Amino acid sequence: MSLSEYRMDASIAVSDMARARDFYEHKLGLSAVRTQADGSAVYASAGGASLHVYPSPAHAGMSTATLATWYVDDVEQVVDELTSKGVPFEHYEGITTDDKGISPRAGGGKVAWFKDPDGNTFAVEGDL
């Protein structure tokens with residue numbers, strides 16, 4: 001038995017579900033496929049994995065790591081679309097990015113990072 005044989009989902013703690021739903025649904029364009037009694041929402045992706053966003057104010061935004069990455073065909077197009085919806089992209093010290101926040105990947109491709117209202121970090125990556 002190996003865990004690689006099973007579906008895996010990411011879970012993201014947020015402090016305010018109404019604010020989180022506005023961000024994930026209106027800015028990122030995700031659709032909730034399930035909501036639960038605690039107000040949490042599950043957003044599906046094309047790859048079969050899903051993003052579970054749940055209320056946990058004490059833990060929201062605590063991780064400094066990238067929590068989930070969307071693999072896209074055109075990073076620049078996705079960054080432009082999200083920027084037009086008010087999603088700012090990160091610029092990190094020691095990582096080369098262009099004015100939009102897009103960084104070239106060693107070996108090809110591009111990546112850009114953004115945060116949700118609680119400071120949880122996400123990425124869009126692609127263009128290989």
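The model is predicted, so local features need pLDDT of at least 70 and side-chain atom pairs count only at pLDDT 80 or more, while totals for chains, interfaces and linings use all residues. Residues are numbered from 1 along each chain as its sequence is written, and side-chain values use heavy atoms, without hydrogens and water.

**Helix H1**
- H1 spans residues 17-27; helices (H or I, at least four residues) and strands (E, at least two) are DSSP runs, numbered from the N terminus.
- Met-17, Ala-20, Phe-23 and Tyr-24 of H1 are buried, meaning under 20% relative accessible area with a 1.4 Å probe and protein chains only, where exposed is over 50% and partly exposed lies in between.
- Seen down the axis of H1, the buried residues fall within an arc of 125°, so they line one face of the helix; the arc is that of the directions from the helix axis to the C-beta atoms.
- An α-helix has 3.6 residues a turn, so residues three or four places apart point the same way.
- Exposed Ala-18 and His-26 sit on the face turned away from the buried side of H1.
- Just after H1, Gly-29 takes a positive phi of about 80°.

**Pockets**
- The second largest pocket has a volume of about 210 Å³, and the largest has about 380 Å³; a volume is the space filled by probe spheres set on grid points, joined across faces, edges and corners.
- S5 (66-72) supplies six residues, the largest share of the lining of the largest pocket.
- For the second largest pocket, the largest share of the lining is three residues from H2.

Conventions: 1 Å grid on protein atoms, 1.4 Å probe; cavity = no way out; pocket = protein on both sides within 12 Å on 5 of 7 lines; lining within 4 Å.
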